[in-house]
Amino acid sequence: MRRAERAEVVLAVDDLEKHYPVKAGLSLRAAGRVRAVDGVSFELRRGETLGIVGESGCGKSTLGRTLMRLEEPTGGRVTFDGADVFDQSRAGLRAMRRDMQMIFQDPYASLNPRMTVAEIVEEPFKIHHGVVPKSDRRRRAAELLELVGLRPEHLDRYPHEFSGGQRQRIGIARGLALNPKVLVCDEPVSALDVSVQAQVVNLLEELQDELNLAYVFIAHDLSIVRHISDRVAVMYLGKIVEMGEVDEMYVRPTHPYTQALLSAVPVPDPASRGTREQIVLSGDLPSPADPPKGCRFHTRCWKVQEICRVEEPALTVRADGVGAHLSACHFAEPSPA
């Protein structure tokens, strides 16, 4: 996996928030807020893959949609190539989206069933005039299909004529149509069979090497994230609780939540299954509409002490980590290697 430590920053996220109002009563008065994304910050460099992991409901997909401004933020700032994404006019945002594209989770819902593959892949050219002349659009669409492992003769077929993996490849071709710098991948393989998942992940890696793309790769499968990512950020109840280089995160995680997640990853070698401690978390995931005070993980943490219940730990660099290994825990320490 290519590293990108000295490459330019293409996407910078600073204290991003997305809250949803909770309505109650016949008057639908505001009764609270769901803190789906609650103070997330990170940087993404050219050619880098940042993996975002966490349980269902932790805010991963909302984060991806807010980065693309498919959801309007409650607070915070996102800059792309130095320009504020949330300060763009409609025309400015449209121009910016030439360089920021998204691959959606469900390949069955993200493609219009009434459009042919040619119409789907050529649609970005119609929205962004001047990128590809009208006379060259079909030729360019055929090139994009070949780039993702499909054949030009597929252009006149409809989405229902393809398997899930093939549909996701069509979605990737559409995402690449405008030669973007950043792709936000919202669980792009979770709806696919395991064998097809590997094919799509390998395709994304090949395209990254060829086109120097940067990925925000959202997933809940830790093994896939380890395979494709340069850095990993772990989310819990709308916040990043740990972030660092992929090898350091998987070998020496410091946050109890990350340690619990990794302990649940299946081990293929039967001989080594009994040598690793498995951490079983007690209790349910708290509601993002009423997160616990102090550390949000303290209601399920086996290391909890009084300070955890009253003081929220900051996401800070840990001295025992390699590089910029950040952890939000009062008692962060690496698990045994």
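Cys 295 is buried, since its relative accessibility is 12%. This comes from a predicted model. Cys 295 takes part in no disulfide. Its nearest cysteine sulfur belongs to Cys 308, 5.9 Å away. A disulfide needs the two sulfur atoms within 2.5 Å.

Cys 329 is also in no disulfide. Here the nearest cysteine sulfur is that of Cys 301, at 6.1 Å. Cys 329 is buried, with 9% relative accessible area. The cut-off for buried is under 20%. For the structure as a whole, the disulfide count is zero.

## Packing of H3 and H5

Two packed helices are described by the angle between their axes and the distance between the axes. Helix H3 spans residues 117-127, and helix H5 spans residues 164-176. Their axes lie 7 Å apart. The angle between H3 and H5 is about 30 degrees, so the two helices are roughly parallel. Angles under 35 degrees fall in that class. The crossing of H3 and H5 is right-handed.

## Residues in the contact

Which residues of H3 and H5 make the contact? H3 supplies Val 117, Ile 120, Val 121 and Pro 124. H5 supplies Ile 170, Ala 173 and Arg 174.

By class, the contact of H3 with H5 holds six nonpolar residues and one charged residue. No polar residue takes part in the contact of H3 with H5. Arg counts as charged, and Arg 174 is on the H5 side.

Note on methods: Residues numbered from 1 in each chain as written. Predicted model: local features only at pLDDT ≥ 70, side-chain atom pairs only at ≥ 80, totals over all residues. Heavy atoms only, no water. Buried < 20%, exposed > 50% of the residue type's maximum accessible area, 1.4 Å probe, protein only. Axes fitted to C-alpha atoms, helices over the stretch in contact; angles between N-to-C directions. Helix = DSSP H or I, 4+ residues; strand = E, 2+ residues; numbered from the N terminus. Parallel < 35°, antiparallel > 145°, perpendicular 65-115°, else oblique. Left-handed = near helix turned anticlockwise from the far one by under 90°. Contact = heavy atoms within 4.5 Å.
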